[in-house]
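Subject: Structure handover

Hello,

Here is the structure for you to look at. My notes on what was found in it follow below.

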Amino acid sequence: MGADIKILLCIGLAVVLTGVGKSAFIGKSHSGGRDDPVLQYVVNNSLRENPVLTKLRLRTLEDTWSRMMVASEQAQFMANLIRLINATKAIEIGMYTGYNALSMALAMPENGRVVACEIEDTYVEIAKPFFKEAGVEDKIDIKFQTAMKTLNELIAAGEAETYDFVFIDADKFNYDGYYEKSLELIRKGGIIAIDNVLWSGKVVNPDLNDLTSQALDALNKKLHKDQRIELSMLTVGDGLTIAIKR
């Protein structure tokens, strides 16, 4: 028995030293995980990217802030969720150059509609030609104003509980407010996807001076207790939470 215990201890030590026991969190395939062979294997063997999406991804990688782009493997996962629930109405809070908005629009039927919120005109101008090339420019309604204003306008217009899918990926301090508005706009069984919930791992015991990580950590803890939703937090991209409205 003593020998068996020693063998088990040695195996456990080997696991720690080789890194097998490390967190599954890697990052995005085009930024933090670009040198990770396992993540690149996943991308190489599962990504089915529309040619226009590929063009837009490569164009976005030329931008200084390209790390903000939704990872291609994450965008495809969310597009499949859209197909799974037969979504026809979606909102993207924080469009950036439009990679994920385009991915969602392509996943929807002809009558699908994506409301895309963005406040930086440079990114809007990058996105538009790709939307047109993909033939979905009429399915993507770009709102060039603050996302909170757009969400309030949609609610005021009587669109509460009519949306199937919302993706939150804008300024982190307003995440909680975006989440609450999204809950109003989403139907029962609809999905709210929230990006950057792991924030490069900084949400784990966030530094006292790191207000962004603290805000994300507080939201994560709030959602964990929120009985209005079903919940999953995934180590996809920079951390992705899936909340299904009950």
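**Notes on the model**

Asparagine 86 lies in the loop that runs between α4 (72–84) and β1. This is a predicted model, and this residue has a phi near 55°, which is a positive value in a residue other than glycine. Most residues other than glycine have a negative phi. Asparagine 86 has a relative accessible area of 62%, over the 50% cut-off, so the residue counts as exposed.

Tyrosine 96 also has a phi near 55°, again positive in a residue other than glycine. Its place is the loop between β1 and α5. Is tyrosine 96 buried or exposed? With a relative accessible area of 7%, under the 20% cut-off, tyrosine 96 is buried.

**Confidence**

The average pLDDT of the protein chain is 92, and 91% of the residues score at least 70. Residues 3–21 have a pLDDT below 50, and in the model this stretch makes two contacts beyond near neighbours in sequence. Where pLDDT is low, the predicted coordinates should not be read in detail.

**The aromatic pair**

A pair of aromatic rings is described by the distance of the centres and the angle of the planes. The count of aromatic pairs in this model comes to one. The partners are tyrosine 96 and tyrosine 123: their ring centres are 4.7 Å apart and their planes stand at 75°, over the 60 degrees required, so the pair is edge-to-face. Tyrosine 96 sits in the loop between β1 (89–93) and α5 (99–107), while tyrosine 123 belongs to helix α6 (residues 121–134), so the pair ties together parts that are 27 residues apart in sequence. Both tyrosine 96 and tyrosine 123 are buried.

**Tyrosine 163 and lysine 89**

Tyrosine 163 is part of strand β4 (residues 163–168). Its relative accessible area is 0%, so tyrosine 163 is buried. What sits over the ring of tyrosine 163? The charged end of lysine 89 does, at 4.2 Å from the ring centre.

Leaving out residues up to four places away in sequence, tyrosine 163 touches Lys89, Ala90, Ile91, Arg113, Val115, Leu154, Leu185, Ile186 and Arg187. For a C-alpha to C-alpha distance, tyrosine 163 and isoleucine 242 are 15 Å apart in space and 79 residues apart in sequence.

**Helices α8 and α9**

Two packed helices are described by the angle between their axes and the distance between the axes. Helix α8 (residues 175–185) packs with helix α9 (residues 211–225) at an angle of about 35°, and the axes are 10 Å apart. On the α8 side the contact involves Tyr175, Asp176, Tyr179 and Glu180, which meet Leu216, Leu219, Lys222 and Leu223 in α9. By class, the residues of this contact divide into five nonpolar, three charged and no polar.

**Glycine 239**

Glycine 239 is found in the loop between β6 (229–234) and β7 (240–245). A relative accessible area of 0% is under the 20% cut-off, so glycine 239 is buried. Which residues is glycine 239 in contact with, leaving aside its neighbours within four places in sequence? They are Phe25, Ile194, Asp195, Asn196, Val197, Leu198 and Leu234.

**Two exposed residues**

Leucine 208 has its place in the loop between β5 (186–195) and α9. With a relative accessible area of 76%, leucine 208 is exposed. Leucine 208 and valine 114 are 94 residues apart in sequence, and their C-alpha atoms are 38 Å apart in space.

Alanine 156 is in helix α7 (residues 147–156). Alanine 156 is exposed as well, with a relative accessible area of 69%. The C-alpha atoms of alanine 156 and alanine 170 are separated by 22 Å, for residues that are 14 apart along the chain.

Regards

Notes. Residues are numbered from 1 along each chain as its sequence is written. This is a predicted model: local features need pLDDT of at least 70, side-chain atom pairs count only at pLDDT 80 or more; totals for chains, interfaces and linings use all residues. Side-chain values use heavy atoms; hydrogens and water are left out. Axes are lines fitted to C-alpha atoms, for helices over the stretch in contact, and angles run from 0 to 180 degrees between N-to-C directions. Helices (H or I, at least four residues) and strands (E, at least two) are DSSP runs, numbered from the N terminus. Contact means heavy atoms within 4.5 Å. Ala, Val, Leu, Ile, Met, Phe, Trp, Tyr, Cys and Pro count as nonpolar, Asp, Glu, Lys and Arg as charged, and the others, Gly among them, as polar. Rings of Phe, Tyr and Trp (its six-membered ring) pair if their centres lie within 6.5 Å; planes under 30 degrees apart count as stacked, over 60 as edge-to-face and the rest as tilted. Buried means under 20% relative accessible area, exposed over 50%, partly exposed in between (1.4 Å probe, protein chains only). A charge sits over a ring if NZ of Lys or CZ of Arg is within 6 Å of the ring centre and within 35 degrees of the ring normal. pLDDT is the predictor's confidence in each residue, from 0 to 100.
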